[in-house]
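Please walk me through the sheet in this model, strand by strand.

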Amino acid sequence: MKKNLVLLAFIFIGFQSSFAQDVYEFQIVTVVESIVPNGLGRSRMLTANETRDYKEFTSTRTGEDDKRNKSDRGDIRVKAFDETKLLNFFNIGGIRFQNIVANDAIVTSKLNEMSAQGWELAFINSAVESVGGKDDKQGIYVTRYTFRKKK
């Protein structure tokens with residue numbers, strides 16, 4: 001009888017833990033790569049070294065309460081961050097493939113370091129901004145790497 005109770009307790013604990021929700025902390029690495037001719041753009045990899053609580057800058061608006069959040073923009077800004085220089089996709093001669101693979105090597109180095117620190121790559125979001133038309137040679141590629149680690 002005692003063995004059955006112990007076995008039942010282990011099954012119950014195992015069953016409960018299978019429904020336990022993992023809690024993660026997140027870190028985002030943003031890569032901005034310029035598509036501006038003649039090397040005039042700026043390309044960077046950015047990682048914040050400060051945190052912000054979104055609740056401080058959020059208001060809930062309803063039909064009765066239409067007050068918006070009046071947070072100071074200076075309080076939202078993050079001044080402590082890592083900024084890694086990357087190369088622009090274009091130089092005077094046009095698209096520069098060596099610059100692209102150089103950026104890939106630097107970003108890969110960061111991704112490998114984050115992985116070695118126990119961060120798991122959870123999501124990658126990418127977007128392109130271009131001002132206009134098929135002949136537009138100006139804009140940026142933005143890629144966000146979202147990492148997570150169990151708390």
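Valine 32 stands opposite arginine 44 in E2. This is a predicted model.

Is threonine 143 buried or exposed? Its relative accessibility is 10%, and buried means under 20%, so threonine 143 counts as buried. Leaving aside residues up to four places away in sequence, threonine 143 touches Val29, Thr30 and Val31, along with Ile124, Asn125 and Ser126. One of these contacts is polar: the side chains of threonine 143 and serine 126 meet at 3.5 Å.

Now move on to E6. E6 and E7 pair over ten bridges in the antiparallel sense. Asparagine 125 stands opposite arginine 144 in E7.

Five of them form an open sheet, ordered E3-E2-E1-E7-E6, with antiparallel pairing. Which strands stand at the edges? They are E3 (81-86) and E6 (120-130). Each has a single partner strand, so one side of each is left without a neighbour in the sheet. From one strand to the next, the twist averages 15°.

Helix H3, residues 97-116, lies across E1, E2, E3 and E7. H3 runs at about 150° to E3.

How values were computed
Residues are numbered from 1 along each chain as its sequence is written. This is a predicted model: local features need pLDDT of at least 70, side-chain atom pairs count only at pLDDT 80 or more; totals for chains, interfaces and linings use all residues. Side-chain values use heavy atoms; hydrogens and water are left out. Buried means under 20% relative accessible area, exposed over 50%, partly exposed in between (1.4 Å probe, protein chains only). A polar contact is a pair of N or O atoms within 3.5 Å; within protein, one must be able to donate a hydrogen and the other to accept it, and residues adjacent in sequence count only if both atoms are side-chain atoms. Contact means heavy atoms within 4.5 Å. Two strands pair if DSSP finds at least two bridges between them. Helices (H or I, at least four residues) and strands (E, at least two) are DSSP runs, numbered from the N terminus. Axes are lines fitted to C-alpha atoms, for helices over the stretch in contact, and angles run from 0 to 180 degrees between N-to-C directions.
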